[in-house]
Amino acid sequence: MTDLAAWLPRAVEANLRWMAPFGAFQQHPSLAVDDEILASAFNRLAERLTDNYPFGHPRYVGQMLKPPHPAAVLGYVSAMLINPNNHALDGGPATAQMEKEIMARLAGMFGMAEHLGHLTSSGTIANLEALWVARQSHPGKAIAYSADAHYTHSRMCQVIGVDGIAIAADDAGRMDLADLERHLSTGRIGTVVATLGTTGLGALDPLPSIVALARAHGTRVHVDTAYGGFFALIADDSADGVARAPFAALADVDSIVVDPHKHGLQPYGCGAVLFADPSVGRFYVHDSPYTYFSSDEVHLGEISLECSRAGAAAAALWLTLEVIPLTDAGLGQVLRANRRGALEWAGLLATSDDLVAYQAPELDIVTYFPARGSMSDVDQASQALFHAASELPPAEQIHLATYAVTAAALAARGHRITADATTARIIRSTVMKPESSTYIGDIHRRLVSLSRP
Ligand SMILES: *Cc1c(COP(=O)(O)O)cnc(C)c1O
């Protein structure tokens, strides 16, 4: 395991080495802090940080959370000591260059022939930018997304003053093509947002058909792969890969969002947006009296809605991709292990009398619920299981997440459960740490015994 205790001092040393030639200077007394006071405050911080869930442990199989790779931490800290701002080349020449290299690699992963893009502080902001470009290029038209799309799409449509239309989801949580076609035929829709890897279920919208339908109606296509995008590395229909066709169609869409802070091993503060047509840069035209003076080359702030952004985020991702590249043999091996864990779990659920699979995982998100006869009992049993698993002794704890489903969604998947409530919580487990894959058998057995009435 990469030992950060040994590596982090190297970040400090490299910074001191770089700064030395500029000459020593005295820190202003207003900034001086006594070591003892800092030590005491630090101890309080360390204590308060123990009020967390062990996101990095293989038995944490709840939400989409895990600590960054040590290479990302090393890259982030190294750059943060300088604190470059990737808004402008003047604010961070080195990290702005790294960001451009990263964007070319991401575009390559998606098979984009050309691209214009940059990192953002999150998937939400990256999607906002894509929706804003959708509005600028098709003014007055609506934006359509699946009912299972991330909730921020409808919110961001409100923000930019565009009508947002929810397209029905089918019995696997994918965008329903008949409903999409019905809406496209009204001529109202300027852009369709497809999701590859829904946040709830990890479902893959049928992108090849969506692209064909959209093109037939002169409609643009934006793809939100905030969660699922890196699975493009293993989209080969193999036993521990994922479906090829939806990811292959990414080469034909207008824009793509992916979150390196989800499956790219990065700390929070790292989303990305890519446009297939670099000429969308015209929508961003603005002049800044404060920045942009050092170069005729494009400044990232000139093609971004956000102003200040951490150059450290680019350094973190750059260093990570130098050691774990965007290849099947690199990051692909992390995703394949996650996928094997999810598939093994799905197999165990298929033969269990106590836990029922809600639907089959398309990526690494597994959904299931304790076998019960009514929705209110499923809800209660799921909630009880969620708590019981997290309240085991620390060395045995299992951390889960819940997900609310409707009576119609349960029925569509063939679950015959009395609908005595409008929604029920089920269990949702994201298997996003490769180490979790070897724990799945134990986790499943434990949950089975905890779930019995
Ligand atoms: C997580 C997620 C988002 C939102 O991204 P943030 O980085 O949390 O802002 C949007 N879409 C999908 C599909 C996601 O999974």
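Contact here means heavy atoms within 4.5 Å. The views below come from a predicted model, in which local features need pLDDT of at least 70, side-chain atom pairs count only at pLDDT 80 or more, and totals for chains, interfaces and linings use all residues. Residues are numbered from 1 along each chain as its sequence is written, and side-chain values use heavy atoms, with hydrogens and water left out.

**View 1. Helices α6 and α8 lie across strands of the sheet.** Helix α6 (residues 152-160) lies across β2 (142-146), β3, β4 and β5, and runs at about 170 degrees to β2. Angles run from 0 to 180 degrees between N-to-C directions, with axes fitted to C-alpha atoms (for helices, over the stretch in contact). Helices (H or I, at least four residues) and strands (E, at least two) are DSSP runs, numbered from the N terminus.

**View 2. Seven strands form an open sheet with mixed pairing.** Follow the strands in the order β1-β7-β6-β5-β4-β2-β3. At the edges, β1 (116-120) and β3 (164-167) each pair on one side only. Neighbouring strands are turned by 20 degrees against each other on average, direction ignored. Two strands pair if DSSP finds at least two bridges between them.

**View 3. Strands β4 and β5 pair in the parallel sense.** Look for Thr195, whose bridge partner in β5 is Asp224.

**View 4. The largest pocket has a volume of about 420 Å³.** Its lining has 13 residues, with Pro67, Pro68, His69, Pro70 and Glu435 nearest the centre. By class, the lining divides into 7 nonpolar, 3 polar and 3 charged residues. On a 1 Å grid over the protein atoms alone, a pocket is an open set of points where a 1.4 Å probe fits, with protein on both sides within 12 Å along at least five of seven lines; lining residues have an atom within 4 Å of a point. A volume is the space filled by probe spheres set on the points.

**View 5. The second largest pocket holds about 350 Å³ of space.** Tyr53, Phe55, Lys66, Pro67 and Pro68 are the closest to its centre among 17 lining residues. Helix α10 (residues 260-263) gives the largest share of this lining, 3 residues.

**View 6. Ser451 sits in helix α15 (residues 440-451).** Ser451 counts as buried because its relative accessibility is 4%, where buried means under 20% (1.4 Å probe, protein chains only). Leaving aside neighbours within four places in sequence, Ser451 is in contact with Asp354, Leu355, Pro370, Arg372 and Leu385.

Definitions and conventions. Ala, Val, Leu, Ile, Met, Phe, Trp, Tyr, Cys and Pro count as nonpolar, Asp, Glu, Lys and Arg as charged, and the others, Gly among them, as polar. Buried means under 20% relative accessible area, exposed over 50%, partly exposed in between (1.4 Å probe, protein chains only).
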